[in-house]
Amino acid sequence: MRVTDLSPHQRIDASELFLQADRLEPCVLVIFGAAGDLTRRKLIPALYNMVREEALDERFAVIGYSRSPQSDDQYRDLLLDGLGNYSRAQPIDEKLWQGFSQRISYVEGNFEDPEGYAALRNGLEAVERLIGSDGNRLFYLATPPSAAPIILHRLSEAGLLQAGGADSPWTRIILEKPYGRDLESASDLNRIVAEVLQEDQVYRIDHYLGKETVQNILVARLGNTIFEPLWNRKYIDHVQITAAESIGVEGRGRFYDRTGVVRDMVQSHLLQVLSLCAMEPPVSFAADDIRDKRVEVLRSLRQFTAEEVFKNVVFGQYRGYRDEENVDRESRTPTYAAIMCFIDNWRWQGVPFFLRVGKHLSQRLTEISVVFRPVPLCLFGRDDVCQDLEPNVLTIRIQPDAGMALKISSKRPGGEMEVASVEMDFSYSETYAHPIRDAYERLLLDAVKGDATLFARRDEVEFAWRFVTPILSSWEGAIKRQPVFYAEGSEGPVEAENLMHGQGRQWREIC
Ligand SMILES: NC(=O)c1ccc[n+]([C@@H]2O[C@H](COP(=O)([O-])OP(=O)(O)OC[C@H]3O[C@@H](n4cnc5c(N)ncnc54)[C@H](OP(=O)(O)O)[C@@H]3O)[C@@H](O)[C@H]2O)c1
């Protein structure tokens, strides 16, 4: 069944909702690391698309802060170049860009240098007077994580971090991942953040949570009567979460070799997806009600002892990784991980969650597959028919082909009793007229609106690190162990297959 034949009033044009629901308060967005890749690739394209869809208040302006010397016009040209490459809407509407770019300015400064912050303060106040933005300020730290403490201190010293209140202007900060390198460093960063900001001013971004299809996990679970009663150990055999990339480190060897797949993907994106899959229904959709439930899942994740790490985790590396630019020729950094984990709570006791993530795999694919238990008894008589009876699988596809599919058994047409698996499939692109909004558009909108639902709270980050840190310590401590190697374009190392087979299960094909 394809859900394409909705009547016109059922077909939702997301841009209409966007216009009605998301008009923003005035504010100035200050981007630290304003000449960097993230700004050019994600942030400015997101803002441009928000301007296209008339979602930004006219009293909205951007100030870029970075150390390279350049004029406002040179900075705008740099951003326009990124827009041409990365905006989801092409070609770039020159008139629109001209209008928007006049609201973008540049301040040159070092993260460490107090003079830079004095210049920023002057620039900020001038822009605020010009556009009348009511003093609302959003600081985006699109910077290496090590830069966050000094930037926060300098902002605080410069008097730029006002707590705000119901009737006074607000100040918020968006912090990029990776949020620390382990539990200790993440806790230290949280402590530094708490010295200068209240928790409700802090927006720790994990762009996976901004993806429409990740949010659909909760709608699928909580907006349908048919799934929630089955969503537990009684009916679910196991859950697979896959995040496969078809590309390698793509020029980011220096960053990646220090980071690896566990820090880059598991601690943040995969555990966020896992917590949405496994959380209890919240009391309401208010930010902290949802975040409380996500945190409960992370708290319940069974921590591995040192010996358990190597039984439950496969560390892989693609064959050509050590030949990549800026990668150590003897690097042990994993580019692939397969993990079997358990959630020790009432709902999920004994149900394995398998996480699989890697670079240079056969396809780019992120999905969750909930594999149900087999029927208790096969009543179709013949053994060969019963063998064809496959378990139901609900697959939530996050990217690239966003949607959902439910695998069910059906009778093959004909006189014989023969069983076959068929799929009911829903595809976002076929059902909705409007293209899916980029995660950064949604998250920037939410930060300006003051909705922290899709951002990680302090305790959430720390509980995620609590699960991941023993994995990292065991791996990094076992210096004689080598990662298992896999061929580029494959489905990953055979050891990951064995992890599944050892449990009498198998991975879904990455296709
Ligand atoms: N790139 C992505 O797609 C992406 C995706 C998700 C998360 N992230 C995260 O976002 C953060 C930024 O990543 P990125 O790729 O944009 O990094 P990047 O390309 O290296 O950019 C870093 C920026 O910071 C500036 N900078 C560095 N040190 C500075 C200093 N001491 N004083 C002033 N400016 C300084 C650089 O300024 P100059 O250019 O003027 O030297 C540059 O604008 C990282 O934490 C990364 O993990 C990135």
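Colleague: Why does Asp-134 count as partly exposed?
Modeller: This is a predicted model, so the count comes from predicted positions. Asp-134 has 16 C-beta neighbours inside 10 Å. Buried needs 20 or more, and exposed needs 12 or fewer. The count of 16 falls in between, so Asp-134 is partly exposed.

Colleague: Where does Asp-134 lie?
Modeller: In the loop between helix 5 (114-131) and strand 4 (137-141).

Colleague: Which value does the phi of His-360 take?
Modeller: Near 55 degrees, also positive in a residue other than glycine. His-360 is found in the loop between strand 10 and strand 11 (365-372).

Colleague: Is His-360 buried or exposed, and how do you know?
Modeller: His-360 has 23 C-beta neighbours inside 10 Å. The cut-off for buried is 20 or more, so His-360 counts as buried.

Colleague: And Gln-74, buried or exposed?
Modeller: Gln-74 has 12 C-beta neighbours inside 10 Å. Exposed means 12 or fewer, so Gln-74 counts as exposed. Its place is in helix 3 (residues 72-86).

Colleague: Which peptide bonds are cis?
Modeller: One joins Gln-90 and Pro-91, with omega about -5 degrees. Another runs from Gln-399 to Pro-400, with omega near 5 degrees. Most peptide bonds are trans.

Colleague: Where are Pro-91 and Pro-400 found?
Modeller: Pro-91 is in the loop between helix 3 and helix 4 (94-101). Pro-400 is in the loop between strand 12 (393-399) and strand 13 (403-411).

Colleague: Which residues of helix 16 are buried?
Modeller: In helix 16 (residues 494-501), they are Ala-496, Leu-499 and Met-500.

Colleague: How do you know which side of helix 16 they are on?
Modeller: They cover an arc of only 95 degrees around the axis, which puts them on the same side of helix 16. Residues three or four places apart in an α-helix point the same way, because there are 3.6 residues a turn. On the other side of helix 16, Asn-498 and His-501 are exposed.

Colleague: What covers the buried residues of helix 16?
Modeller: The cover includes strand 8 (313-318), strand 9 (336-342) and strand 10 (352-358).

Colleague: How many residues does the largest nonpolar core have?
Modeller: It has 136 residues. Tyr-140, Val-266 and Ala-337 have the most contacts inside it. Helix 9 (residues 253-278) gives the largest share, 11 residues.

Colleague: What does Val-266 touch?
Modeller: Leaving out residues up to four places away in sequence, its contacts are Val-261, Leu-271, Ala-337, Ile-339, Leu-355, Val-357 and Val-468.

Colleague: How many Å separate the centres of domain 1 and domain 2?
Modeller: 33 Å, taken over C-alpha atoms. Their contact takes 18 residues from domain 1 and 13 residues from domain 2.

Colleague: What gives the most to the side of domain 1 that touches domain 2?
Modeller: Helix 2, with 6 residues. That side divides into 11 nonpolar, 2 polar and 5 charged residues.

Colleague: And what surrounds the ligand?
Modeller: 21 residues, with Gly-33, Gly-36, Asp-37, Leu-38 and Ser-68 the closest. Helix 2 (residues 37-52) gives the most to this shell, 4 residues. The shell divides into 9 nonpolar, 6 polar and 6 charged residues.

Technical notes: Residues are numbered from 1 along each chain as its sequence is written. This is a predicted model: local features need pLDDT of at least 70, side-chain atom pairs count only at pLDDT 80 or more; totals for chains, interfaces and linings use all residues. A residue is near a molecule or strand if its C-beta atom, placed from the backbone, lies within 6 Å of it. Helices (H or I, at least four residues) and strands (E, at least two) are DSSP runs, numbered from the N terminus. Ala, Val, Leu, Ile, Met, Phe, Trp, Tyr, Cys and Pro count as nonpolar, Asp, Glu, Lys and Arg as charged, and the others, Gly among them, as polar. Domain bounds come from an automatic or database domain assignment. Two residues are in contact if their C-beta atoms, placed from the backbone, lie within 7 Å. The arc is that of the directions from the helix axis to the C-beta atoms. A nonpolar core is a set of buried Ala, Val, Leu, Ile, Met, Phe, Trp, Tyr and Cys residues joined through C-beta atoms within 7 Å.
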